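Subject: Structure for you to look at

Hello,

Here is the structure I said I would pass on. My notes follow below it.

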Amino acid sequence: MIRKLNNKGMTAIEILVTFLIVAVIVVSLYDGIITLKEKETISSYKLSLVTYRDLLTKDIQDDLIKIGLAGAEVSPLGDNSGYRVTMTLRDGSKRILEVKQQFGCNAADVIEEDEVCTKAGIGRDTSDHFSISYGPIGDVVEYPLPDLGSEELPNLHSSGSHTIFSLRINEVDISTANQVFSLRVTLYHSDLGSKYSIDIVSPINYP
């Protein structure tokens, strides 16, 4: 006995199952692409930050190792926005190292403003500004932090907006205790942590 084929086409259930299978495949592919893109972005951030840290550290360490450090004076920048280190090298020349650490107001609304910004002495519509500068007196070069993402927040008390960067200088620790100069600049990013911070140590007047 010969059975006849069903020529009525696909049933509603078959169409629904096919649609669900296609949807699952599309969503899986989309998630995979997004994950790959995020990994590529993080890898790019790491490369930028490592390059920045290594080049800046090398420029400073070259002077401290090849010439030698005879003395270091630390003073605050205006408006408590960072620190200046005046280094005297063993050949009598001087180098200036400045770490600019100006936090912007990242309060989401006026309710957060007092706790997040006012109590910390941060201007209510102020943008982030972070940089490190180094060089001989009269020829100091600024090293702006790599741009690893930012957010534009609307000003709470004026028109326009201000910028909050994803990469920030969280802490600056400078010491000249026991005839040893040490500098740690903690660079923090939410996806990278503080793993790629700057650490420099040099003896003072080492014979």
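Leaving aside its neighbours within four places in sequence, which residues is Arg95 in contact with? The list is Asp63, Ile67, Val85, Thr86, Met87, Leu89, Tyr134, Gly135 and Pro136. Please keep in mind throughout that this is a predicted model.

Arg95 itself sits in strand β3. Its relative accessibility is 12%, and since the cut-off for buried is under 20%, Arg95 counts as buried. Another residue, Thr41, is 54 positions from Arg95 along the chain, and the C-alpha atoms of the two are 36 Å apart.

The overall layout

The chain has two helices and 10 strands. Read from the N terminus, the order is α-β-β-β-α-β-β-β-β-β-β-β. Helix α1 covers residues 12-66, and α2 covers 110-116.

As for dimensions, the C-alpha trace spans about 105 × 45 × 30 Å along its principal axes. The radius of gyration is 27 Å, whereas a compact globule of 207 residues would be near 17 Å. Of the 207 residues, 31% count as buried. Among contacts with a separation of 6 or more, 48% are between residues 24 or more positions apart.

An aromatic pair

How many aromatic pairs does the chain have? The count is one. The partners are Phe103 and Phe130, arranged edge-to-face, with 5.4 Å from centre to centre and 75° between the planes. The pair links distant parts of the chain, as its members are 27 residues apart. Phe103 is in the loop between β3 (94-102) and α2, and Phe130 is in strand β4 (residues 129-136).

A position in helix α1

Ser44 belongs to helix α1. At 39% relative accessibility, Ser44 counts as partly exposed. Leu148 is 104 residues away from Ser44 along the chain, yet their C-alpha atoms are separated by 9.0 Å.

Most residues other than glycine have a negative phi. Where do they lie? Asn178 is in the loop between β8 (168-175) and β9 (180-188), and Gln179 is in that loop as well.

Their accessibility can be read against the cut-off for exposed, which is over 50%. Asn178, with 74% relative accessibility, therefore counts as exposed. Gln179 has a relative accessible area of 46%, so Gln179 is partly exposed.

If you open the model, the places to look at are the contacts of Arg95, the pair of Phe103 and Phe130, Ser44 with Leu148, and the loop between β8 and β9 that holds Asn178 and Gln179.

Regards

Terms used
Residues are numbered from 1 along each chain as its sequence is written. This is a predicted model: local features need pLDDT of at least 70, side-chain atom pairs count only at pLDDT 80 or more; totals for chains, interfaces and linings use all residues. Side-chain values use heavy atoms; hydrogens and water are left out. Helices (H or I, at least four residues) and strands (E, at least two) are DSSP runs, numbered from the N terminus. The radius of gyration is taken over C-alpha atoms; the globule rule is 2.2 Å times the number of residues to the power 0.38. Buried means under 20% relative accessible area, exposed over 50%, partly exposed in between (1.4 Å probe, protein chains only). Contact means heavy atoms within 4.5 Å. Rings of Phe, Tyr and Trp (its six-membered ring) pair if their centres lie within 6.5 Å; planes under 30 degrees apart count as stacked, over 60 as edge-to-face and the rest as tilted.
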